[in-house]
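Let's take a walk through this model, one residue and one contact at a time. Keep the structure open beside you as you read.

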Amino acid sequence: MPDEARSGPRLLVWWENLDTVHQVLIGGPVLAVILAVLNAGPMSQPVLRSIGYGLIEGAFFTALLIVVTRYERSRRSASEGEEAEDDETGRTIVP
């Protein structure tokens with residue numbers, strides 16, 4: 001079985017190998033902008049309200065993204081038969 005099929009797409013592996021801080025710094029603003037645009041466009045909210053909703057919803061979905069990423073990272077390393085450890089920064093280290 002090729003390594004890509006076993007470990008996942010390169011973008012996913014890259015994302016899972018980032019520190020949690022970097023994931024928040026990348027995912028947070030992206031989600032906030034996407035959600036603000038969705039609130040302003042399809043939901044027809046005023047612009048300032050859309051920005052506020054985007055920030056609030058962005059924070060929630062960023063936290064959810066971090067939790068899901070951590071879970072999937074540990075599940076993937078367990079399914080590969082490797083014992084995963086967490087270092088002091090919260091990153092999963094696979095021996």
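Start at Gly 58, which is found in helix α4. Helices here are DSSP runs (H or I, at least four residues; strands are E, at least two), numbered from the N terminus. Before going further, a word on what you're looking at: this is a predicted model, where local features need pLDDT of at least 70, side-chain atom pairs count only at pLDDT 80 or more, and totals for chains, interfaces and linings use all residues. Residues are numbered from 1 along each chain as its sequence is written, and side-chain values use heavy atoms, with hydrogens and water left out.

Is Gly 58 buried or exposed? With 3% relative accessibility, Gly 58 counts as buried. Buried means under 20% relative accessible area, exposed means over 50%, and partly exposed is in between (1.4 Å probe, protein chains only). Setting aside residues up to four places away in sequence, Gly 58 touches Leu 31, Ala 32, Leu 35 and Tyr 53; contact means heavy atoms within 4.5 Å. Take Leu 35: 23 residues separate it from Gly 58 in sequence, yet C-alpha to C-alpha the two are 6.7 Å apart in space.

Now move along to Thr 62, also placed in helix α4. Thr 62 counts as buried too, at 6% relative accessibility. Again not counting residues up to four places away in sequence, Thr 62 touches Val 24, Gly 27, Gly 28 and Leu 31.

Hop over to helix α3 (residues 20–40), where Asn 39 lies. At 4% relative accessibility, Asn 39 is another residue that counts as buried. Once you leave aside neighbours within four places in sequence, Asn 39 is in contact with Ser 44, Gln 45, Ser 50, Tyr 53, Gly 54 and Glu 57.

Next, a look at how helices pack. Two packed helices are described by the angle between their axes and the distance between the axes. Here, the axes of helix α2 (residues 10–17) and helix α4 (residues 47–79) come within 10 Å and cross at roughly 110°. The axes are lines fitted to C-alpha atoms, for helices over the stretch in contact, and angles run from 0 to 180 degrees between N-to-C directions. So α2 and α4 are roughly perpendicular to each other, the label for 65 to 115 degrees (under 35 is roughly parallel, over 145 roughly antiparallel, and the rest oblique).

Which residues of α2 and α4 meet? From α2 come Leu 12, Trp 15 and Glu 16, and from α4 come Leu 65, Thr 69, Glu 72, Arg 73 and Arg 76. The residues of this contact divide into three nonpolar, one polar and four charged. (Ala, Val, Leu, Ile, Met, Phe, Trp, Tyr, Cys and Pro count as nonpolar, Asp, Glu, Lys and Arg as charged, and the others, Gly among them, as polar.)

That leaves the charges. A search of the whole structure finds two salt bridges, each being a side-chain nitrogen of Lys or Arg within 4 Å of a carboxyl oxygen of Asp or Glu. Arg 76 forms one with Glu 16, with the closest N and O atoms 3.2 Å apart. This pair links distant parts of the chain, 60 residues apart, with Arg 76 in helix α4 and Glu 16 in helix α2. Arg 76 counts as buried at 17% relative accessibility, and Glu 16 is buried at 8%.

Arg 75 forms a salt bridge with Glu 72, where the closest N and O atoms are 2.5 Å apart. Both lie in helix α4, three residues apart, about one turn of the helix. Arg 75 counts as partly exposed at 42% relative accessibility, as does Glu 72 at 22%.
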